[in-house]
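Q: I'm new to this one, could you walk me through it?
A: Gladly, let's bring it up and take it piece by piece.

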Amino acid sequence: MRENVPLTLPLSRAILHIDMDAFFAAVEQVDNPALKGKPVIVGGAKRGVVSTASYEARKYSVRSAMPIFEAKRRCPQGIFLPVRMKRYQEVSQKVMAILEAVSPLVEQVSIDEAFIDLAGTERLHGDATQTARKIKGRIYAEACLTCSIGIAPNKFLAKIASDLQKPDGLTIVPEEEVQNFLKELPVNKLPGVGPKSEEALRGLGIHIVSDILRFPPGLLERKFRKYGLRLVELAQGIDDSPVIPCSPAKSMGSEDTLPEDTTAINTLKKQLLSQAEEVGERLRRDGLKGRTITLKLKHSDFTLATRSHSLKEATCATKILYDTAVMLLERYNLKTPVRLIGLAVSNFGGGQQYSLLPGVEKETEKLERVDHAIDRIREKLGRQIITRGSNL
Ligand SMILES: [Mg+2]
């Protein structure tokens, strides 16, 4: 019997997920107290959509990603403000510094959201509930902002939990409560279940999480491939993904080792396209734009080469990232086969910069608008739904 016991028993984990409440709108209300209690709607003239609506504005069914004109229709008395990303980043840094004082294991996932692995913090900070209260208190004291916190044995449960009692919520899901917590939850709360898969699941009679467990895993696998098995895990509350601490990014990139070493430009271009997509999306999600694009090549003999190009204007447009990387690749005198290729963006600048060439700026703006629209659709319907043609 003893042999079956693993040498180190996995300790139950405590993961905290924190999400700031109506972040951009709340910062505006802090910076200008006259806006407190009013329907504040922060949105970009550039994107033409709502970034964040204050809770007062949400009463009029104003939501993020809604076109500004629609928000104006629903809430004509709303106070419409432009996005001040630089300011929100400043406040975000302050919040993240508070979190990093709690644990070195902080993974920032967006400007107003982070995971913390609480392992080993008990002695310093007391139990998880106390830690959460302490964090809330400090954020309120130092930034006058509220946040919602979820604590659970893993990341996905903590994220669901933080969303349950917004604003200013604190939801704790102890290990022994996981099954109960998940049982009645609508399936669309699970990560990866968008409207499309929700519909497919409904077709099978699966509405709430416990319905998933009534199905043989094999059937779900046939229907949803790998994701079917992931669904079964999630329905059981299983998720081992670690909290990966990251320092504030000075560059953002993506790289891949190729299935086999190659000199085929088209293969490399295809890789760059998916990397440009990924990096572009992450930049846009974090409200960042970069001026310098770097191509990284590791050859079959393990020699490393990097080539960079700086643009006149910072960008987050996928097409510009891709075109620039391809230009660098084409200029590079490729002789030795490539085993790893990467694309990175650095030299971050503020969102709004005006180029001297209005034509160029219009083009960039248009591309970024399209990208934002694609991001939103993907967010709703899932990643596979739109695949860019490689003729981009
Ligand atoms: Mg938030």
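A: A definition to begin with: two strands pair if DSSP finds at least two bridges between them, and helices (H or I, at least four residues) and strands (E, at least two) are DSSP runs, numbered from the N terminus. This is a predicted model, in which local features need pLDDT of at least 70 and side-chain atom pairs count only at pLDDT 80 or more, while totals for chains, interfaces and linings use all residues. Residues are numbered from 1 along each chain as its sequence is written.

Q: OK, which residue of β4 is the bridge partner of V40?
A: The partner of V40 in β4 is I79, and strand β2 (residues 40-43) pairs with β4 in the parallel sense over 3 bridges.

Q: What is the order of the strands in that open sheet?
A: The order is β3-β2-β4, with mixed pairing among the 3 strands; β3 (50-53) and β4 (79-81) are the edge strands, each pairing on one side only.

Q: And which helix packs on the sheet?
A: Helix α1 (residues 23-31) does, touching β2, β3 and β4, where contact is taken as C-beta atoms, placed from the backbone, within 7 Å. The direction of α1 makes about 120 degrees with that of β2; such angles run from 0 to 180 degrees between N-to-C directions, with axes as lines fitted to C-alpha atoms, for helices over the stretch in contact.

Q: Switching topic, is β1 mostly covered or mostly open?
A: Strand β1 (residues 15-20) is mostly covered, since 6 of its 6 residues are buried, a residue being buried if 20 or more other C-beta atoms lie within 10 Å of its own, exposed if 12 or fewer, and partly exposed in between. I15, H17 and D19 point one way from β1, and L16, I18 and M20 the other way.

Q: Which strands does β1 pair with?
A: Among them are strand β7 (residues 147-152), antiparallel over 6 bridges, and strand β6 (residues 113-117), antiparallel over 5 bridges. D19 has S148 of β7 as its bridge partner, whereas L16 stands opposite I116 in β6.

Q: How many residues are in the largest nonpolar core?
A: That core has 63 residues, and L16, I41, I116 and I151 have the most contacts inside it; a nonpolar core is a set of buried Ala, Val, Leu, Ile, Met, Phe, Trp, Tyr and Cys residues joined through C-beta atoms within 7 Å. The largest share of this core, 6 residues, comes from α4.

Note on methods. Contact = placed C-beta atoms within 7 Å.
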